[in-house]
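Look at the structure below and keep the sequence at hand. The text takes up a residue, then a pocket, then a core.

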Amino acid sequence: MELIATIAQLIIALSIVIVWVFRWENIVNEFKEYGLSDLTRNCVGATKIALSTLLVAGIWYDKLVAVPALIMAFLMICAQLAHIKVKNPVHKYIPSLLLLVLSLFVAAVHLKLIN
């Protein structure tokens, strides 16, 4: 199960970097659509990148993983709520929903809730 959690950590981190670095224009447009400020967008992005870094470092330092995974899950819940607020089509919910599930799975494994 730990191997699957490690793979999930890498998927989460890589997904965040791809979206927040290489698809920046999409993020800018989405945050405008949600009615959120540039400051909020930048804080969320910096937080997600930092959490992703901790998830990758957690491959070697196990104690770094549970809290960042739970914070990432919280941010994905916020993303779901933003999609609901603007009544996006269902396909726009899927990426943050998958990252939410992966984040909760990673946290559960590292908190020994799943063996």
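A residue is called buried when its relative accessible area is under 20%, exposed when over 50%, and partly exposed in between (1.4 Å probe, protein chains only). S96 has a relative accessible area of 8%, so S96 is buried. The model is predicted: local features need pLDDT of at least 70, side-chain atom pairs count only at pLDDT 80 or more, and totals for chains, interfaces and linings use all residues. Residues are numbered from 1 along each chain as its sequence is written, and side-chain values use heavy atoms, without hydrogens and water.

S96 lies in helix 5; a helix is a DSSP run of H or I of at least four residues, numbered from the N terminus. Apart from neighbours within four places in sequence, S96 is in contact (heavy atoms within 4.5 Å) with M76, A79, Q80 and H83.

Now turn to the open space. A pocket is an open set of points on a 1 Å grid over the protein atoms alone, where a 1.4 Å probe fits, with protein on both sides within 12 Å along at least five of seven lines; lining residues have an atom within 4 Å of a point. S96 is among the lining residues closest to the centre of the largest pocket, with E30, K48, A79 and H83. Helix 4 gives the largest share of this lining, six residues.

Last comes the nonpolar core, a set of buried Ala, Val, Leu, Ile, Met, Phe, Trp, Tyr and Cys residues joined through side-chain atoms within 4.5 Å. The largest one has 22 residues, and I12 and M72 are among those that touch the most other members. Helix 5 gives the most to this core, six residues.

Definitions and conventions. Helices (H or I, at least four residues) and strands (E, at least two) are DSSP runs, numbered from the N terminus.
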